[in-house]
Amino acid sequence: MPISDDKNDLIIRLDCPYCSHPIVKKGSWFKVISRFKCAGCGTQVNMGYPDKLALFERHQRTQISSATGEADQGREAAESSLRTSTANWQLSNRSHA
């Protein structure tokens, strides 16, 4: 399964498997490299095609869960605002009765 060209401009983070130093590059960089030297620990890190597929899949899952989390946060804020408005409305109606 080839890695699609629409992934080229994605900004992807990979943590070094040896020292956890973050490597942040465009998808196009990850697609073409087979090994790189970690700037954190200096270790030569090999990256085969299965590793690349897993990296892009992990990135996609992270983006989906982030989008879902943002939607949940927006919904929670709206619900909180609605509860506050409803409570204020109820208090205001009680004082007029």
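Hi everyone, a definition to begin: by contact I mean heavy atoms within 4.5 Å. This is a predicted model, where local features need pLDDT of at least 70 and side-chain atom pairs count only at pLDDT 80 or more, while totals for chains, interfaces and linings use all residues. Residues are numbered from 1 along each chain as its sequence is written, and side-chain values use heavy atoms, with hydrogens and water left out.

First, the layout. The chain has two helices and four strands, in the order β-β-α-β-β-α. Those are DSSP runs numbered from the N terminus: H or I of at least four residues for helices, E of at least two for strands.

Now to β1. Buried here is under 20% relative accessible area, with a 1.4 Å probe and protein chains only. β1 pairs with β2, residues 22-26, in the antiparallel sense over five bridges; pairing takes at least two DSSP bridges. Arg 13 has Val 24 as its bridge partner in β2.

On to the core. The largest nonpolar core has 14 residues, and Leu 14, Phe 30, Phe 36, Met 47 and Leu 55 have the most contacts inside it. Such a core is a set of buried Ala, Val, Leu, Ile, Met, Phe, Trp, Tyr and Cys residues joined through side-chain atoms within 4.5 Å. β1 and α2 (49-96) each supply at least two of its residues.

What does Leu 55 touch, leaving aside neighbours within four places in sequence? Leu 55 is in contact with Ile 12, Arg 13, Leu 14, Phe 30 and Met 47.

Key:
Buried means under 20% relative accessible area, exposed over 50%, partly exposed in between (1.4 Å probe, protein chains only).
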